[in-house]
Amino acid sequence: MTAGRALWTWAAACVAGAALVLLAAGRDWFTVTSGARTVAVPAAELAPALGPAAWAALAAVVAVLATRGVWRRVVGVVIALCGAGVLAWAWQASRTGAALRVGTERIPMAETGGLHAVPVSAWPVVAGLGGLLLVGGGVVAALRGAGWPGMSDRYERRGPGRAGSGEAGRTGEGVRSERALWDAIDLGADPTVGPDDTVEPDKREQ
């Protein structure tokens with residue numbers, strides 16, 4: 001796999017991880033019941049930092065594409081830290097006790113012992129998978145990101161190189177034409193006469 005393809009594969013994996021976190025952060029993770037009353041507990045109340053962490057990771061992915069060298073390694077560490085935070089917050093929010101605390105606030109008259117929390121689907125697992133992708137992507141960027149190409153590499157290769165070669169070519173042509181002119185003068189030829197110029201013979205000599 002080339003360095004350019006590795007870079008874009010890495011970016012796709014990190015974007016997928018952040019997307020999973022954002023998807024899970026916008027869903028209900030628990031349903032808390034107290035008698036006949038039922039309330040949904042969203043991830044935004046259990047782990048409000050999940051969304052900001054995912055957006056920060058996406059911004060860091062763009063920064064990796066725009067930076068080079070040591071700065072790219074630093075941004076990779078930031079992405080890994082965002083992923084580690086997602087894992088920690090998802091684990092904490094997936095516990096029943098966190099949902100019961102939120103349920104107590106949403107149902108003030110209910111007693112803690114009378115509340116029951118039921119998890120909704122596997123959204124904490126989805127958030128955890130996104131966090132793992134971000135952690136892995138950050139580690140890869142920190143270790144191998146310095147060898148990936150930058151966004152401005154193609155312009156740095158093409159612009160100055162072509163201009164320099166064209167200017168050198170024009171300089172070389174000028175030197176060769178000037179040398180040919182002096183060689184013609186040394187041989188006694190008239191440099192002002194072109195290949196299409198002909199000298200008409202004197203008719204009086206016929």
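This section describes the fold, the nonpolar core and selected local features of a predicted model.

The chain comprises 206 residues, of which 31% are buried. Its secondary structure amounts to seven helices and three strands. Read from the N terminus, these elements follow the order α-β-β-α-α-α-α-β-α-α. Among contacts between residues at least 6 apart in sequence, 78% connect residues at least 24 apart.

The strands are considered next. Strands β1 and β2 are paired in the antiparallel sense through six bridges. The two form a hairpin with two residues between them, and G35, located in the turn, adopts a positive phi of about 70 degrees. Within this pairing, T33 has T38 of β2 as its bridge partner. Strand β1 is also joined to β3, which spans residues 116-119, by four bridges, and these two strands again run antiparallel. Here V32 has A117 of β3 as its bridge partner. In a regular strand, side chains alternate between the two faces of the sheet.

The phi of S121 is about 55 degrees, although the residue is not a glycine. Most residues other than glycine have a negative phi. With a relative accessibility of 61%, S121 is classed as exposed because this value lies over the 50% cut-off.

The largest nonpolar core contains 43 residues, and the members touching the most other members are W10, W29, L46 and I79. At least two residues of this core come from each of α1 (3-25), β1 (28-34), β2 (37-42), α2 (43-46), α3 (50-66), α4 (70-93), α5 (96-106) and α6 (123-144). In soluble globular proteins, nonpolar side chains tend to be buried together. With residues up to four places away in sequence not counted, I79 touches W10, A57, A60, V61, V64, L134 and G138.

L134, one of the residues touched by I79, is placed in helix α6. Its relative accessible area is 0%, so L134 is buried. Apart from neighbours within four places in sequence, L134 is in contact with C14, G17, A18, A57, I79, A80 and G83. The C-alpha atoms of L134 and C14 are 5.6 Å apart in space, whereas the two residues are 120 apart in sequence. C14 is itself buried, its relative accessible area being 1%. C82 is likewise buried, with a relative accessible area of 13%. A search of the whole structure for disulfides returns zero.

W10 also takes part in an aromatic pair, of which the structure holds one. Such a pair of rings is described by the distance of the centres and the angle of the planes. For W10 and W148 the ring centres are 5.3 Å apart and the planes stand at 50 degrees, so the pair is classed as tilted. Because W10 belongs to helix α1 and W148 to the loop between α6 and α7 (153-186), the pair ties together parts that are 138 residues apart in sequence. Both partners are buried: the relative accessibility is 6% for W10 and 9% for W148. These values fall under the 20% cut-off, which is why the two residues are assigned to the buried class. A further interaction with an aromatic ring involves R27, whose charged end sits over the ring of W123 at 5.4 Å from its centre.

The loop between α2 and α3 includes A47. When neighbours within four places in sequence are left aside, A47 is in contact with W89 and A93. The C-alpha distance between A47 and S94 is 9.2 Å, with 47 residues separating the two in sequence.

Notes
Residues numbered from 1 in each chain as written. Predicted model: local features only at pLDDT ≥ 70, side-chain atom pairs only at ≥ 80, totals over all residues. Heavy atoms only, no water. Core = buried A, V, L, I, M, F, W, Y, C linked by side-chain atoms within 4.5 Å. Buried < 20%, exposed > 50% of the residue type's maximum accessible area, 1.4 Å probe, protein only. Contact = heavy atoms within 4.5 Å. Phe/Tyr/Trp six-rings, centres within 6.5 Å; stacked < 30°, edge-to-face > 60°. Lys NZ or Arg CZ within 6 Å of the ring centre and 35° of its normal. Disulfide = S-S within 2.5 Å. Pairing = 2+ DSSP bridges.
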